[in-house]
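Work through these exercises with the model open. Each task is followed by its solution.

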Amino acid sequence: MYHRDSIAKLHEKILKDANLEHIPLHSLRHSFAVAAIRAGDDIKTVQGNLGHHAASFTLDVYGHVTDQMKRESAQRMENFIRGVAAG
């Protein structure tokens with residue numbers, strides 16, 4: 001198991017070597033979670049990957065992603081129905 005400080009130093013080195021501005025390490029965690037949910041991972045899987053104590057916590061933090069996915073799903077269904085109705 002790596003120490004938190006070692007990971008932070010490695011993260012900063014990678015950013016510097018790639019000539020990237022500072023990106024907080026926690027932002028990468030958030031980006032991972034959002035990408036995983038949008039890719040179709042279920043909340044329990046994301047919860048486990050992030051080490052959250054409960055799926056409800058994961059939903060509280062990342063529920064905005066699932067709301068967006070619901071809207072997108074509704075739009076796809078509307079487009080489908082319009083296509084079927086148009087013949």
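**Exercise 1.** In which helix does His-11 lie? Classify its burial and list its contacts.

*Solution.* The model is predicted: local features need pLDDT of at least 70, side-chain atom pairs count only at pLDDT 80 or more, and totals for chains, interfaces and linings use all residues. Residues are numbered from 1 along each chain as its sequence is written, and side-chain values use heavy atoms, without hydrogens and water.

Step 1. His-11 lies in helix α1. Helices are DSSP runs (H or I, at least four residues), numbered from the N terminus.
Step 2. His-11 has 10% relative accessibility, so it counts as buried (under 20%; exposed is over 50%, partly exposed in between, with a 1.4 Å probe and protein chains only).
Step 3. Leave aside neighbours within four places in sequence. His-11 then contacts Ile-23, Pro-24, Leu-25 and Leu-28 (heavy atoms within 4.5 Å).

**Exercise 2.** Describe how α2 and α4 cross.

*Solution.* 
Step 1. The axes of α2 and α4 (residues 55-86) come within 10 Å and cross at roughly 30°. Axes are lines fitted to C-alpha atoms over the stretch in contact, and angles run from 0 to 180 degrees between N-to-C directions.
Step 2. Therefore α2 is roughly parallel to α4 (under 35 degrees).

Methods: Helix = DSSP H or I, 4+ residues; strand = E, 2+ residues; numbered from the N terminus. Parallel < 35°, antiparallel > 145°, perpendicular 65-115°, else oblique.
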